Amino acid sequence: MLGLELYKIFRRPRTYISFLIMTAVTFLIQLAMYVDGKSFVSFAMAGVGEQFDIGGNILNGYLVTYIVLQSLLIHIPLLVALVAGDALAGEANMGTMRLLLTKPVSRTKVVLVKFIAGIIYALLLLVWLAIVGLGLSILLFGTGDMINLKSDAFVMLLEHDIIWRYMLAFAFAALAMTTVAALAVFLSVFGDNSIGPIIGTMGIIVVLTIFSNLEVPLFNTIKPWLFTTHMIAWKGFFDAPVPYDAIWQSVAVLLLYIVLFITATIIVFNKKDIQS
Amino acid sequence: MPEHIAEVKGLTKKFDDFIAVDDLSFAIGKGQVYGFLGPNGAGKSTTIRMLTGLIHPTAGEVLIDGESFSRNRMRALQQIGAIVERPDMYKYLSAWDNLRIFARLSRKHIPADRLHEVIELVGLKGRESDKVKAYSQGMKQRLGIAIALVHDPELLILDEPTNGLDPQGIAEMRELIKTLGTQMGKTILISSHLLYEIEQVATHMLIIHKGKKVVEGKVSDLLNPNETIFEVRILPDDSIMSKLQEKGWGQYVAEGGNSSTLLFRMHPRKMPGLNKYLVEEKVHVLEIRSKHSLEEYFLSLTNENNAGAGAV
């Protein structure tokens with residue numbers, strides 16, 4: 001059944017729009033860096049350069065990839081939501097839900113298959129990002145030590161000490177996008193077209209991201225429990241030392257949300273009257 | 001082995017305060033082409049959705065081949081092939097892909113030969129590679145029937161299969177249903193709001209109105225030109241229905257205001273006898289109206305329904 005689900009997803013032309021958008025954004029950032037990257041780096045390093053003597057290829061593939069990832073922070077969840085939000089609502093909208101559920105398939109299995117297909121889609125999206133983002137950036141800009149500029153410090157990562165960080169960051173991003181897929185599938189169970197679940201998913205992510213970033217005491221108590229607070233924990237892999245305790249905590253919180261969203265989806269979907 | 005492939009017992013569905021299906025009971029025997037008739041909004045689709053597990057009943061039970069649908073959903077659905085309302089499919093895929101996908105979901109190993117067989121049966125040979133978005137409504141209906149048939153189910157459920165078809169499409173669909181029913185011996189439940197559609201293909205028939213059973217029986221008996229439908233309006237009487245049923249008079253009761261409407265199908269010569277029986281049982285008869293035939297009666301239900309819809 002999973003094979004059939006993936007077949008349905010990848011036979012739809014709109015599935016590839018996400019890959020095209022991501023490729024286009026990545027190319028644009030790479031082009032901008034290729035043309036004007038040196039002045040961007042000297043502007044960013046202005047304060048640091050006065051106190052430290054930094055040589056070598058600063059504008060390298062690793063730094064460009066980091067900039068690409070930062071820029072796509074809000075886009076990738078949207079692209080995942082485009083497919084995952086369509087999972088159940090899309091079937092309802094097309095009218096195929098009636099045909100699907102009059103076949104001997106359990107509703108729980110339908111939810112799980114849709115969810116797993118959403119994860120596979122998100123993973124492929126990230127693999128594609130790794131290819132066009134990291135792979136092409138290294139080809140265009142070469143390698144070198146990476147400077148990670150933070151608001152209160154900067155971290156210098158040596159060239160041979162970076163690739164594993166990207167691999168773990170992408171693995172963590174896969175978990176974060178799985179959380180987005182789970183939320184989108186959950187909202188999808190309530191809709192009879194995919195617009196609502198897609199906008200709903202993005203709305204929730206945007207609002208919770210604002211809560212996660214606002215330095216207001218009222219929100220500080222709920223911040224550790226918001227999944228958006230933990231979705232950006234991949235940045236920790238570019239710290240020295242890597243804050244593994246905080247990252248594991250984020251992994252646990254995200255897993256908890258995934259289980260909650262999918263369990264709720266299964267319960268609601270099993271009780272739902274199909275009237276579409 | 002159960003005599004009926006499907007049995008519906010006291011099926012009820014409420015949506016908030018609205019009762020869409022009200023204590024409905026009927027049974028479909030093996031090999032029957034069972035016409036399910038009612039004006040638009042009578043509760044046909046809601047009943048079919050409960051028969052296919054799309055909607056959960058508020059009360060009552062559906063048995064498929066003697067087993068409870070709710071307790072054996074997977075087994076029940078293996079024995080059903082259904083098109084509920086429109087035959088919607090994945091438009092961006094070919095007819096063959098749609099058929100293959102839904103065949104794989106039937107939990108049976110279905111060889112490619114079977115897929116070719118049903119494509120040929122529904123008259124889509126040579127067009128199976130076309131995308132569904134290029135199909136006419138009639139072709140979609142036929143593909144829907146192929147999808148419903150592909151796993152060789154015991155019961156085929158077709159919900160208003162002639163809806164949206166042109167006259168030629170309606171005639172072709174009618175022939176296909178006749179082939180499936182009379183030549184291939186399939187048990188078919190077919191719903192419609194048109195009596196003449198049911199009359200031409202069904203062996204048995206059930207009419208529902210406002211979610212309640214009105215009349216059920218063999219089409220040849222129900223459409224017997226020697227019998228007349230009588231509507232008898234009486235003051236409510238709790239015991240009279242069971243007495244009428246015992247004596248073989250009662251057909252249906254519809255509550256309305258401070259009176260009840262009883263419906264009888266009989267030869268006009270028998271009416272005085274019924275009237276006499278009601279008087280002897282001290283039932284207050286308010287009115288007796290003859291509807292002449294089932295067609296006329298059904299038309300009055302449809303007109304009543306349309307008038308109601310117009311008033312809203």
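A: Let's start with how much of the chain is tucked away: of the 276 residues in chain A, 52% count as buried. Keep in mind that this is a predicted model.

As for secondary structure, chain A is built with 13 helices and two strands. Its radius of gyration is 21 Å, close to the 19 Å that the globule rule gives for 276 residues, so chain A is as compact as a globular protein of that length.

Chain A has an accessible surface of about 12400 Å², and carbon and sulfur atoms account for 72% of that. There are 16 positive and 15 negative charges in chain A, and their mean positions lie 19 Å apart.

One backbone detail deserves a zoom. The peptide bond running from Ala240(A) to Pro241(A) is cis, with omega near 0°. You'll find Pro241(A) in the loop that links helix H12 (227-231) to helix H13 (244-271) of chain A. For context, most peptide bonds are trans.

On to the partner. The contact draws 28 residues from chain A and 33 residues from chain B. Between them, the two chains bury about 2900 Å², with carbon and sulfur atoms giving 59% of that area. On the chain B side, Leu54(B), Tyr92(B) and Leu105(B) supply 24% of the area that chain B buries against chain A, more than any other three residues.

Asp23(B) isn't a glycine, yet it has a positive phi of about 50°. Asp23(B) belongs to strand S2 (residues 18-29) of chain B, and at 54% relative accessibility it counts as exposed. Lys210(B) also has a positive phi of about 50° without being a glycine. Lys210(B) is placed in the loop between strand S9 (204-209) and strand S10 (212-218) of chain B, and its relative accessibility of 55% makes it exposed. As background, most residues other than glycine have a negative phi.

How values were computed:
Residues numbered from 1 in each chain as written. Chains lettered and ligands numbered in written order. Predicted model: local features only at pLDDT ≥ 70, side-chain atom pairs only at ≥ 80, totals over all residues. Heavy atoms only, no water. Helix = DSSP H or I, 4+ residues; strand = E, 2+ residues; numbered from the N terminus. Rg over C-alpha atoms; globule rule 2.2 N^0.38 Å. Buried < 20%, exposed > 50% of the residue type's maximum accessible area, 1.4 Å probe, protein only. Areas by Shrake-Rupley, 256 points an atom, 1.4 Å probe, with all protein chains shown as cover. Lys, Arg positive; Asp, Glu negative; His and termini not counted. Charge placed at Lys NZ, Arg CZ, Asp CG, Glu CD. Contact = heavy atoms within 4.5 Å. Buried area = accessible area lost by both parts, 1.4 Å probe.
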